[in-house]
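Let's walk through a few local features of this structure together. Please have the sequence and the 3D view open as you read.

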Amino acid sequence: MMLFIIQALLSISRLGANVAPVSVAGLFMVRDEANNIRGNFPLWKSFFDAYVIAVDSRTVDDTLVALQDVIPSHTPVHVFSYKFDGFGNSRTLVFEEAWKVFPHITHVLVGDPDWKPHDVDRMDKSLLADPLFNGYQFKIWDRSGITTRNCNWLMRHQQGLYFDFYVHEFLRFPNNGGPWAQQQLTLPWEVSEVESTQSWHQTVGHNEAKEVTKSASRSYTRFLFDLDLLKREQNDPRYKDSQHTLYYLGVAHCALVEAASDFYSPLLNPSKQLTGENLQLATLCVDYLEKLVTLYPVQNSTVLDELTWSGYRWLGYNNQFLLTNFEDSEKWYLKCIEHDVERVDCKIELSKLYTNKLMHEKAYLWAVESVKTVIPDRAFSNNFYVYDCVVPLQVSRSMYNMMLGGGEKFSELRYGLGVFMADRARQNCVNGLILERPDMLIVMNQLFMEMHREYSGGKNFNNIGDKTRLDLVNLILDNNNNNNNNNNNNNNNNNNNNTNKRELKDTTKVRVKESSRHILLNIERSIHMEKEANRKREVEVGSSGSSSSFTGDLKEVIGIEGGKNLVVEVIAVPKNLNFLFKVEPLDELILAEILHSANVKSGEGWISLGEIWRTSANKLNRLASYLGSDGAMTWETFAKKAERFLSAYSQAEGGIDLVEVN
């Protein structure tokens, strides 16, 4: 067998000398991946200009034949055999081989054979030509179907690139550069991990069937494999008690509990508690994670900091669902929220925790806080399923519990929002319910029907969905317009003074004046700081637990009526531009697009309002995107907001001279 491998490796080494201005080599490690190679590699053929492929010496299937079959004959390829020594060390070896064989290739993308690119023909390699950037981020949809992560495994080709850690490896740049240390460009490229029924997972026995894991890559034996590598990592002086090692040691132990054949959640089975090995594993999980957040409480923008945030989240989760320790679960969820107030995960889980303790007012307040939380784009563990499924289900449940008993707490709007969100949950929970009664969606529907019969007083609620839909649009976009006559009068006066404003179209283009970029960056930074301070104040009010914090009026609590705009003091700009600046809900999103989007970087700074509209609609609070394919925000609504934005930022439209309009 080894003789065949050596002969095959020699026969398919084809080294090419001609290199395009931007060229990308695909770097892969493979073991028993013939099925994935035949299914996914052909999708990359128009993208990669060369391949460097490390074949694990333990491979027993026809991986080599598959490589010969699918890689185009004109594409340079270097294939070699290697002995696996942890993922970090092994991928570093691939870097070294790529530099030896293809030093003139300009960029390398480290991939896995189970990656399926989305629309590879739109992955424009000219975006990689900008010499300012050494690294690039793209989005990976995890095989779980419920999370995404931003991956920086595409970089400018240079000597000395390497990976750290034995499993869940991190890219490092030369000269001790850590993850995200180099200038990064976020690309609009996406890939999906696809589950295969024939890969190394099946070869080594990672394919036992269990509903909670649903895939070989999340099976009990797979987590044992990870845990073995993590124990080696913890014994390595380079990594002992590192942030990475402690985090993954923690989550691997809890993952083993949930993947065990005899697992049940004590929260859903009140008469049972974890015992024996499962209790030991869950306790070890919490111990590692508590050590992580104690040693590494930092708050910054790196992926390592997100490990700390995720550590808080899993401490709350594991104390809630595995150890049923209410006090500790509440404590860690609150620390998780404080650590990153713009993420919704811990807010909605805290709401569920209060529901389980029959603390319905607190559950309601945190559900409302979750509705108000926008979707941030983080590098790690973006759980869109929380927004799509968990939030609407829990909001619906908390609305029902608050109205139960009737009286002043029952209202048509609250009822409508509960029904509306229950309907969204039925549509969106396509991957099943996680740690819920399997019939919970049916139960919620029945409960609302019974509530309607009991409290409606014969009133017809047939149109409640449309009314709620309209109120939610107000909630997301127009919460400053109701009861705001003075501002409206001022706007009318401004409009009368500027009657020659152009009609904005989706093809209208805008860009930042280069001389003003630093000013807009300061405005953006000031908005973020003020917004974060406001959110923290709101969170403190919502978690107080006092009855006075609940007004009984959903519109007022969420902000449909009389909502507040931010007022930002912009600093560190020329004296004549120091000012208090009124910020409306879309300003931050528009600023982000005109300053940072990939479209701007590839188009001489210009970006169309249509592009900003579509992106902003998708980035808004997930509740908004429930309301239509482009979110709650129609072009007409966006155009009005963009007109106000330009009247403040564009001299041509009557504002200060920061943004150009074409």
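## A histidine in a loop

His168 is partly exposed, because its relative accessible area of 31% falls between the cut-offs of under 20% for buried and over 50% for exposed (1.4 Å probe, protein chains only). You will find His168 in the loop between strand S8 (162-164) and strand S9 (170-172); strands here are DSSP runs of E with at least two residues, and helices are runs of H or I with at least four, numbered from the N terminus.

Leaving aside residues up to four places away in sequence, His168 touches Asp226, His244 and Tyr248, where contact means heavy atoms within 4.5 Å. His168 and Tyr248 are 80 residues apart in sequence, yet their C-alpha atoms are 8.2 Å apart in space.

## About the model

This is a predicted model, in which local features need pLDDT of at least 70 and side-chain atom pairs count only at pLDDT 80 or more, while totals for chains, interfaces and linings use all residues. Residues are numbered from 1 along each chain as its sequence is written, and side-chain values use heavy atoms, with hydrogens and water left out.

## Helices H7 and H8

The axes of H7 and helix H8 (residues 276-295) come within 8 Å and cross at roughly 155°; axes are lines fitted to C-alpha atoms over the stretch in contact, with angles from 0 to 180 degrees between N-to-C directions. The two helices are therefore roughly antiparallel, a label for angles over 145 degrees. Among the residues of H7 that meet H8 are Leu246, Tyr247 and His253, and the H8 side includes Leu281, Cys285 and Tyr288.

Helix H7 (residues 243-259) also holds Glu258. Glu258 counts as buried because its relative accessibility is 17%. Its side chain makes a polar contact with the side chain of Tyr317 at 2.7 Å; such a contact is a pair of N or O atoms within 3.5 Å, and within protein one must be able to donate a hydrogen and the other to accept it, with residues adjacent in sequence counting only if both atoms are side-chain atoms.

Helix H11 (residues 345-356) is largely enclosed by the rest of the structure, because 11 of its 12 residues are buried. Among these buried residues are Asp345, Lys347 and Tyr354. Just after H11, Leu358 takes a positive phi of about 60°.

Helix H12 (residues 360-371) has 12 residues too. With 10 of the 12 buried, H12 is also largely enclosed by the rest of the structure; Trp366 and Glu369 are among the buried ones.

Note on methods. The expected span of a helix is 1.5 Å times one less than its number of residues. Angles under 35 degrees count as roughly parallel, over 145 as roughly antiparallel, 65 to 115 as roughly perpendicular and the rest as oblique.
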